Amino acid sequence: LQISEPNEFDIMLVMPITRLQLDECDDAGAYYYLTFKRNPKEKYLLKFLDEDGKLSAFKMLQALREIIKQEVKNIKNVEVTVKRRRTGSPAITLQIKNPPAEISVDIILTLKAQQSWPPSTEDGLKIEQWLGRKVRRDFRNQSLYLVAKQNKKEKVLRGNTWRLSFSHIEKAMMNNHGSSKTCCESDGLKCCRKGCLKLMKYLLEKLKMKYTKELEKICSYHIKTSFFHSCVMWPNDTDWQLEDLDHCFQRYLGYFLDCLQKSQLPHFFIPQYNLLSPEDKASSDFLSRQINVQLNNRFPIFQE
């Protein structure tokens, strides 16, 4: 779904783990403390436990950062630097200078646990009407992914929280996005779902470049989440016909504006987790105003 220059890449560094004890960090159901069940197979991870016996995301990220720093020294033909740590970020970012372009690569430490998804996800992933009941069941049978991410709502930031990640499922939904199995395949009818998402991402990207400070709380995950909700609201391929791109984009934009106005965008997999928290209302309102300016003037930003 890359738009503009393909100069940013995300790589999940996945560590398989047999079983973990998950304890909710707050009532949103997205962040967890992790502890091991008795006698874990992964003895090598015991050194990353904090004094309460919780698996420390901070310690693991620190160790990974050191390994990467050492490895980078061995790269001879390209200039690679490890960027400074961003507080609370789950990623270790590499800057790769290589003509003709400079690229940045985010390496995200991810645990992959062979266990069922936690209760907070029970009512999420409402794709029955769109992709079908069987697909939902297959998705929910997949492993649980957790990324090393600080929960900012904690009073004392200890760096020992992990956040659920569904990027593997999101990728699968993007690749097989049609209610009919042949949507957008070489012999199937084409739809405009991806086109709408790319336009929306481009719009946000351009606005964020222009108003970096005002929109720092808004990210492309908001766009992606509202896109999945739109796919559920309009589940049929006939709702997204290629020649209706203009209409479909405006409909999806209307839904997103509604979310911004209400400061309410439920996480697609964890419905009680609101991605547009009321304390970020200033950002939501600002974006809402800017989108309306674009909408009323036939998107001058796309012409720039």
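## A walk through a two-domain model

The protein chain falls into domain 1 (1-176) and domain 2 (182-303), with bounds that come from an automatic or database domain assignment. This is a predicted model, in which local features need pLDDT of at least 70 and side-chain atom pairs count only at pLDDT 80 or more, while totals for chains, interfaces and linings use all residues. Residues are numbered from 1 along each chain as its sequence is written, and side-chain values use heavy atoms, leaving out hydrogens and water.

Domain 1 brings 27 residues to the contact and domain 2 brings 22 residues, where contact means heavy atoms within 4.5 Å. The size of an interface is often given as the accessible area lost when the parts come together. Here the area buried between domain 1 and domain 2 is about 2,200 Å², and carbon and sulfur atoms give 69% of that; buried area is the accessible area (1.4 Å probe) that two parts lose on being put together, summed over both.

Next, follow the chain to helix H5 (residues 220-233). Helices (H or I, at least four residues) and strands (E, at least two) are DSSP runs, numbered from the N terminus. Within H5, the buried residues are His222, Ile223, Thr225, Ser226, Phe227, Phe228, His229, Ser230 and Cys231. Buried means under 20% relative accessible area, exposed over 50% and partly exposed in between (1.4 Å probe, protein chains only). Their cover includes helix H3 (167-175), helix H4 (193-210) and helix H6 (245-262).

The structure holds 14 aromatic pairs. Rings of Phe, Tyr and Trp (its six-membered ring) pair if their centres lie within 6.5 Å; planes under 30 degrees apart count as stacked, over 60 as edge-to-face and the rest as tilted. Phe227 and Phe228 have ring centres 5.8 Å apart and planes at 50°, so this pair is tilted. For Phe268 and Phe269 the centres are 5.6 Å apart and the planes stand at 85°, so that pair is edge-to-face. Both Phe268 and Phe269 are buried.

Ser263, in the loop between H6 and helix H7 (281-296), is buried, with a relative accessible area of 5%. Not counting residues up to four places away in sequence, Ser263 touches Asn274, Leu276, Pro278, Lys281 and Ser284. The phi of Ser263 is near 50°, a positive value in a residue other than glycine. Arg298 has a positive phi as well, of about 60°. Arg298 lies in the segment after H7 and counts as exposed at 73% relative accessibility.
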